Amino acid sequence: MTEDYSSEIKSLQLRIDNSECIECNRKGTTYFVPSIGTFICSRCAGILRELNIKVKGISVCHFDEKEYRIATLIGNTQAKKIYMYKCNRSKYDTENDNMLKKFLRDKYIKKMYLNRNKEYKQFKSIIEEDSDSESEEEEEGENESESSYEEEEEESDEGEEEEEKLKRT
């Protein structure tokens, strides 16, 4: 049986930087996101689940050593430096659920604001430790997702150009 690190995760949750939701800045984090390394509130946990990102309830789930290492290495302070490096947060209204969902999709699925710094590389190496085959599958999926978003954006741009031409005539 693997060792349970739940009490250690709870201790990290109580740190000032982890006690406020990284996504909407609300007090009282109740969930941890192992694939991102952040502490979040229940509202944001629901939205991340809609985006197929796994979240774990801090008071009800068991945590393994790998998840503890991720929480120790990343946490909300480092995650801001990694995932919000190029982000103009003021353009997103986090009080509006639809805008928050768009922000989270841009941030974690499209990876629009990602800083591939030293901490990110350490974080990725921990994530990839267990299985190289799983990470290869994820990377292939990420590449497919990114290319489909790029195609959608190109189609959207073409549609906007067509509208502009019609307006001019």
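At what angle do H4 and H6 pack, and how far apart are their axes? Here are a few notes on this predicted model, starting with that pair.

1. The angle between H4 and H6 is about 110°, and their axes lie 9 Å apart. Angles of 65 to 115 degrees count as roughly perpendicular, so that is the term for how H4 and H6 sit relative to each other.

2. On the H4 side, the contact is made by Gln78, Ile82 and Tyr83, which meet Glu119, Tyr120 and Phe123 of H6. Sorted by class, this contact has four nonpolar residues, one polar and one charged.

3. Looking at H4 (residues 75–83) by itself, you will find Gly75, Asn76, Gln78, Ala79, Ile82 and Tyr83 buried. Viewed down the helix axis, these buried residues fall within an arc of 165°, so they line one face of H4. Their cover includes strand S2 (38–40) and the helices H3 (65–73), H5 (97–109) and H6 (118–128).

4. Most residues other than glycine have a negative phi. Asn25, not a glycine, has a positive phi of about 70°. Asn25 is placed in the loop between helix H1 (6–13) and strand S1 (31–33), and counts as partly exposed, at 39% relative accessibility.

5. The other spot is Asn52, with a positive phi of about 65° although it is not a glycine. Its loop runs between helix H2 (42–50) and strand S3 (56–57). With a relative accessible area of 74%, Asn52 is exposed.

Notes
Residues numbered from 1 in each chain as written. Predicted model: local features only at pLDDT ≥ 70, side-chain atom pairs only at ≥ 80, totals over all residues. Heavy atoms only, no water. Buried < 20%, exposed > 50% of the residue type's maximum accessible area, 1.4 Å probe, protein only. Helix = DSSP H or I, 4+ residues; strand = E, 2+ residues; numbered from the N terminus. Arc of directions from axis to C-beta. Contact = heavy atoms within 4.5 Å. Axes fitted to C-alpha atoms, helices over the stretch in contact; angles between N-to-C directions. Parallel < 35°, antiparallel > 145°, perpendicular 65-115°, else oblique. Nonpolar A, V, L, I, M, F, W, Y, C, P; charged D, E, K, R; others polar.
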